[in-house]
Amino acid sequence: IYIMDRGYLDFERLYSLQRRAAFFIVRTKKNTVLRRLYSMPIEKSSGIRCDQIVVPTVFYTKKGYPEKLRRIKYFDSDINKRLTFITNQFTLPAITIADLYRYRWQVELFFKWIKQHLRIKAFFGTSENAVKTQIWIAISVYVLVAIVKKRLRLEEITLYTILQILSVTLFEKSSLLEVLTMSEYNYSNVNNPNQLNLFDI
């Protein structure tokens, strides 16, 4: 399922997705003209305002997408805004379509966090492989830090703070728990390291 903002609303492109048996959910623009064929029953308490089967009416829009579409209007109480979506997915509940679009925003926030806090402001290489490698490394770091936060139960510390602490103490011989919580740590195993001596004594 391709989930797109209204900046990507292009009926010819949407129809190419339809012909490839792919689903899409896209937010409509204010000037998008569609004719309602019929409406389906809705549950207004869920935030859904209408669930309709529609067809394009403007000449070029109809030429770009000559088939039926589904239009869903949803009121998001969190942001106090009415959103309108069109999709070629006719079987999922209307609230699921709205929720999928809302989750898309969470993905955007995730990548925004990565760009801001993992410092992907410039790429070390310009090839496709170099760019993908740097992005995957950044995502891997994010996931590892999130795992550390969860396993050590560090609810009061943000991921950004953990990254800042690790960047300063990366080469120190300290446990993660001590570094991140400033708590005492038992160094009983430090005097008997599992490694060879460099010089015989």
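**Figure 1. Burial and overall layout of the protein chain.** Of the 201 residues in the protein chain, 32% are buried, where buried means under 20% relative accessible area, exposed over 50%, and partly exposed in between, with a 1.4 Å probe and protein chains only. This is a predicted model, so local features need pLDDT of at least 70 and side-chain atom pairs count only at pLDDT 80 or more, while totals for chains, interfaces and linings use all residues. Residues are numbered from 1 along each chain as its sequence is written, and side-chain values use heavy atoms, with hydrogens and water left out. The chain's secondary structure comes to six helices and six strands; helices (H or I, at least four residues) and strands (E, at least two) are DSSP runs, numbered from the N terminus. Read from the N terminus on, the elements go β-α-β-β-β-α-β-β-α-α-α-α. If you take the contacts in the chain with a separation of 6 or more, 41% of them come from residues 24 or more positions apart; a contact means heavy atoms within 4.5 Å.

Figure 2. Six strands line up in the order E1-E2-E6-E5-E4-E3, forming an open sheet with mixed pairing. Two strands count as paired if DSSP finds at least two bridges between them. At the edges stand strand E1 (2-4) and strand E3 (34-39), each with a single partner strand, so one side of each has no neighbour in the sheet. On average, neighbouring strands here are turned by 30° against each other, direction ignored; the axes behind such angles are lines fitted to C-alpha atoms, for helices over the stretch in contact, and angles run from 0 to 180 degrees between N-to-C directions.

**Figure 3. From E1 across E2 to E6.** E1 and E2 run parallel and are joined by three bridges. Look for Ile3, whose bridge partner in E2 is Ile25. On the way to the next strand, Ile25 stands opposite Thr87 in E6, and E2 and E6 pair in the antiparallel sense over three bridges. E6 itself is mostly covered, with five of its seven residues buried.

Figure 4. E5 and E6 run antiparallel, with seven bridges joining them. Most residues other than glycine have a negative phi. Asn80 lies in the loop between strand E5 (69-76) and strand E6 (81-87), and at 60% relative accessibility it counts as exposed.

**Figure 5. Another positive phi, at Ala21.** Ala21 isn't a glycine, yet its phi is positive, at about 60°. You'll find Ala21 in the loop between helix H1 (11-19) and strand E2 (24-27). Is Ala21 buried or exposed? With 68% relative accessibility, Ala21 counts as exposed.

**Figure 6. Strand E4 and its two partners.** Eight of the nine residues of strand E4 (residues 48-56) are buried, so the rest of the structure largely encloses this strand. With E3, strand E4 pairs in the antiparallel sense over five bridges, and here Tyr38 stands opposite Ile53 in E4. E4 and E5 also pair in the antiparallel sense, over six bridges; Asp51 has Ile72 as its bridge partner in E5.

**Figure 7. Helix H4 packed against helix H5.** Helix H4 (residues 128-151) and helix H5 (residues 159-169) pack at an angle of about 100°, with their axes 10 Å apart. That makes H4 roughly perpendicular to H5; the cut-offs are under 35 degrees for roughly parallel, over 145 for roughly antiparallel, 65 to 115 for roughly perpendicular, and oblique for the rest. H4 brings Val141, Tyr142, Val145, Ala146 and Lys149 to the contact, and H5 brings Leu159, Ile162, Leu163 and Leu166.

**Figure 8. Leu159 and the buried face of H5.** Leu159 is found in helix H5 and is buried, with a relative accessible area of 16%. Not counting residues up to four places away in sequence, Leu159 touches Trp113, Tyr142, Val145, Ala146 and Lys149. The buried residues of H5 are Leu159, Ile162, Leu163 and Thr169. Seen down the axis of H5, they fall within an arc of 145°, so they line one face of the helix; the arc is that of the directions from the helix axis to the C-beta atoms.
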